[in-house]
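Please open the model in your viewer and keep the selection panel at hand.

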Amino acid sequence: MSVIEKMPEGNTAVVDGLVALGLEVEHCGGLGPHDDHWPRNFKGERDARVAVVCYPTDAEAVAAVFKFAGQHNLRVAPYGLGSSVVGCFEGEPDIFCSTERICDVEDFNPTNCCVTVGAGMNGGKLQQYLLKRGFELGQAPQSLYMSTIGGWVNTRATGGLSTFYGGIEDVVTGLEAVLPNGDIVTIDSSPRPSGGLDVVQTLMGTEGSLAIVTKVSLAVFRQLPTVQLAAGFKTFDQAIEAQRQLVQGGFPVALLRSYNIAETAHVAPADDPYALLNFTMVAPGRALGAMQAAAERVVETCGGWLLHEDAASKWYMGRYQVETMMEDRNSEAGKMFDTVELSLPWDTAAACCAVLEEKIGAKTTEFFAHFSHAYQTGACLYAIFWTEGKDDADVVEKWAGLWDEVIQIVADHNGTLSHHHGIGSMRSKRYQKSSQGKVHQAIKSVLDPQNTLFARLVEKA
């Protein structure tokens with residue numbers, strides 16, 4: 001065990017109490033070896049914190065932290081690798097409970113296509129483990145190498161291959177979690193939940209507000225042949241329509257992304273402007289060739305043309321190089337970079353994007369947009385925009401105003417202002433007023449009557 005000595009005044013008793021439980025403890029305000037992981041604000045500045053971070057190694061140790069916190073009226077927040085971009089860690093919990101030490105592969109069953117891991121397991125490391133054994137994780141968020149499996153469960157995350165493999169909520173077959181009173185809940189892995197309450201799904205997306213997840217069982221996939229395709233369209237609307245037809249036509253598409261003309265120019269530049277559709281298909285043996293030929297006909301029917309297979313290579317090469325993306329792009333004074341992801345039904349998807357481009361794009365330096373994570377009923381729109389102002393205060397004010405406009409435009413098109421980044425502080429006020437938020441708060445009041453768990457999405461402003 002190692003304890004950082006320079007603790008803020010008043011934290012000594014907390015540190016001593018946690019150390020007495022056999023936990024490794026350190027201050028999380030910049031004195032420890034994991035300083036680079038701790039969240040910063042949009043301008044790259046670290047918040048002034050007075051909390052401590054502890055590193056339990058199993059569920060029993062997490063339970064001990066909860067009991068200690070309950071005895072001393074302390075607030076606890078779980079922490080994985082800190083890749084959240086919606087302010088999940090803003091605020092002042094007394095104790096951050098890191099899952100970094102709960103990261104082993106506990107069981108892998110190739111016959112059942114199932115793996116059980118500690119919640120602190122790095123997603124990229126698990127992917128490499130499976131690839132060496134002929135299997136595929138199926139979950140491929142942009143934060144793959146800088147996020148944890150427990151973090152995916154907490155935010156109901158999903159990755160770029162979700163159209164074929166599903167999101168994290170589709171593949172979790174069991175889990176272990178610790179409730180705020182210290183009780184350990186174990187849901188054994190099963191192909192499908194039995195009757196009664198689905199506890200696994202109840203804990204999905206709760207951002208550590210109801211329990212701390214310590215172990216996760218996942219369905220994984222055997223590696224299958226994959227083909228990579230790219231197509232161009234004169235308009236973004238045509239690319240979106242091709243996307244819809246591929247999904248609803250039963251094609252085994254995994255990656256499926258359509259880009260507006262502005263982002264296409266960045267992802268796959270060409271002499272003449274066009275909208276890019278970038279997709280992959282997965283299928284066994286000769287079935288893949290037949291599916292590819294049929295998909296190419298869909299592209300042509302929607303007014304598109306096939307591009308060279310390397311057309312989107314720039315995107316593939318930089319796919320996971322995002323560790324400091326938000327921080328780096330917001331370091332310059334008077335400039336703000338942000339992203340927003342939302343769900344839209346197919347019948348309003350193109351119209352919503354057009355309004356966002358017109359209204360928001362007119363007030364920003366650049367406005368990129370792409371549709372990904374497609375479903376039978378709709379798709380995820382991911383927008384990227386840069387804002388400029390006289391100084392940081394001015395640009396933050398403009399940015400906040402843009403968010404208000406985005407929220408209203410999305411609501412006008414029957415969209416949901418969240419898809420895979422979670423709620424955090426940025427969307428908490430709206431969430432708390434929603435039906436989901438009210439039920440969530442009611443459940444929390446029963447499971448956590450002392451309000452021991454700190455989570456921005458249910459914290460009252």
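Predicted model: local features only at pLDDT ≥ 70, side-chain atom pairs only at ≥ 80, totals over all residues.

Residues are numbered from 1 along each chain as its sequence is written, and side-chain values use heavy atoms, with hydrogens and water left out.

**First selection: α8 and α13**

Select residues 236-248, helix α8, together with α13. Helices (H or I, at least four residues) and strands (E, at least two) are DSSP runs, numbered from the N terminus. The two helices pack at an angle of about 155°, with their axes 10 Å apart; axes are lines fitted to C-alpha atoms, for helices over the stretch in contact, and angles run from 0 to 180 degrees between N-to-C directions. α8 and α13 are therefore roughly antiparallel to each other (an angle over 145 degrees). Their crossing is right-handed, that is, the near helix is turned clockwise from the far one by less than a right angle.

Now show the side chains of F236, D237, I240, Q243, R244 and Q248 in α8, and of W346, A350, C353 and E357 in α13, which make the contact (heavy atoms within 4.5 Å). These residues comprise five nonpolar, two polar and three charged; Ala, Val, Leu, Ile, Met, Phe, Trp, Tyr, Cys and Pro count as nonpolar, Asp, Glu, Lys and Arg as charged, and the others, Gly among them, as polar.

α13 passes α14 in a right-handed crossing. On α13, select C352, V355, L356 and K359, which meet E405, V406, I409 and V410 of α14. This contact has six nonpolar residues, no polar ones and two charged.

A pocket is an open set of points on a 1 Å grid over the protein atoms alone, where a 1.4 Å probe fits, with protein on both sides within 12 Å along at least five of seven lines; lining residues have an atom within 4 Å of a point. The second largest pocket holds about 890 Å³ of space. To centre the view, select R156, T416, I423, Y431 and Q436, the closest to its centre of the 37 lining residues. Which helix gives the most to the lining? α16 does, with four residues.

Key. Points joined across faces, edges and corners; volume = space filled by probe spheres on them. Parallel < 35°, antiparallel > 145°, perpendicular 65-115°, else oblique.
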